[in-house]
Amino acid sequence: MLADKLKPFLDRYDELSRMLSDPAITADIANMTALSKEQRSIEPIKEAASEYLKILNQIEENKALLSDADLGELAKEELKNLETQKPQLEEKIKILLLPKDPNDDKNIFLEIRAGTGGDEAALFAGDLLGAYLRYADLRGYKCEIVSTSEGSVGGYKEVILLVKGAGAYSRLKFEGGTHRVQRVPETESQGRVHTSAITVAVMPEIEDSEIQINPNDLRIDVMRSSGHGGQSVNTTDSAVRITHIPTGLVVTNQDGKDQHKNKEAAMKVLKARLYDMQEQERLEKERKDRKDQVGTGDRSGRIRTYNYPQNRISDHRINLTLYRLDAIMAGGLFDEIIDPLIAHSQAEAIANAGY
């Protein structure tokens, strides 16, 4: 019964309230901060649970009044309203009870790479970057381009964007995977539709304490920055390339003029990639036993198609097709796709939780 699952949260909330009024705890700033954070995290469940238990009680009270000559009709009408509210609140509570992704509130690195399709893929990488920037602006996120590798005719062979804001990972984590585009390239004189692809990786920004890197496992090279076409854009050795020897991961950053800042940015990306690699391994193990997750980063999986001639955008994981590709890309209106993805993921998680 759902009500039974709520009791531990109510008991813990009350216990935390008592603890936070204890002078011995309020004198310990670190402990008080941790307990306050825990209480805030379960407060939405506590509020929904209190409302739900109140509705259950009112339902029983009104049922008892149905045979009353004076109050029966009023109780019947009230019961109808309560029975409508009850399942809506149950669905809300089921979502609140789902295990929270520990990365959901983190900033993210959004890495876009041109794949098959050459120049056209690089151009679309630039188009998708622009759409993500518009989406971030709509959500109130702050963005910082960490590193770029420009395409020969525009766009990007690779670009890494840092997106800062509460819930950035929770909103964008389903963007990881292969994005396929079908359109007539600007360089196509015959008007033929070409198909190209890019890959997107979504990686949470990692605190130093979350992943440890042995300095002896790193090879750090410095060099002069190079711009488009290979020309030197800096007369000092400001570009940094970091190689993580055990995994072979390589991160290069040359966008800034300061070597130390480039190194710091490259290290953040490296830590995010190492963490992401560990997460991918963990998710792969889970997928062998569970099928309740929308893919959140499978690099080999084609997740979405952008068909410009038909003005169609299709997300293949949830069989969603919208014929407003132009508006979504121009306005960054990705919530039209992200909200259904989140709802689908929550529905499957609820089904597997057995509520």
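The expected span of a helix is 1.5 Å times one less than its number of residues. Helices (H or I, at least four residues) and strands (E, at least two) are DSSP runs, numbered from the N terminus. This is a predicted model, in which local features need pLDDT of at least 70, side-chain atom pairs count only at pLDDT 80 or more, and totals for chains, interfaces and linings use all residues. Residues are numbered from 1 along each chain as its sequence is written, and side-chain values use heavy atoms, with hydrogens and water left out.

Take helix H9 at residues 335–353. Its 19 residues reach 26 Å from the first C-alpha to the last, close to the 27 Å expected. Buried residues (under 20% relative accessible area, 1.4 Å probe, protein chains only) in H9 are Ile337, Ile338, Leu341, Ile342, Ser345, Ala349 and Ile350. An α-helix has 3.6 residues a turn, so residues three or four places apart point the same way. After H9 comes Gly354, with a positive phi near 75°.

H5 has 21 residues and spans 31 Å from its first C-alpha to its last, close to the expected 30 Å. The residue following H5 is Gly140, whose phi is positive, near 80°.

Next comes packing. Two packed helices are described by the angle between their axes and the distance between the axes. Axes are lines fitted to C-alpha atoms, for helices over the stretch in contact, and angles run from 0 to 180 degrees between N-to-C directions. Helix H3 (residues 29–65) packs on H4 at about 155°, with the axes 9 Å apart. H3 is therefore roughly antiparallel to H4 (over 145 degrees). Their contact (heavy atoms within 4.5 Å) has 16 nonpolar, 4 polar and 6 charged residues. Here Ala, Val, Leu, Ile, Met, Phe, Trp, Tyr, Cys and Pro count as nonpolar, Asp, Glu, Lys and Arg as charged, and the others, Gly among them, as polar.

Helix H1 (residues 2–20) also packs on H4, at an angle of about 50° and with axes 12 Å apart. The contact is made by Leu2, Lys5, Leu6 and Phe9 of H1 with Glu90, Ile93 and Leu97 of H4. By class, these residues divide into 5 nonpolar, no polar and 2 charged.

Pro102 lies in the loop between helix H4 (72–97) and strand S1 (108–114). Pro102 is 17 residues from Gln85 in sequence and 31 Å from Gln85 in space, C-alpha to C-alpha.

Note on methods:
Buried means under 20% relative accessible area, exposed over 50%, partly exposed in between (1.4 Å probe, protein chains only). Angles under 35 degrees count as roughly parallel, over 145 as roughly antiparallel, 65 to 115 as roughly perpendicular and the rest as oblique.
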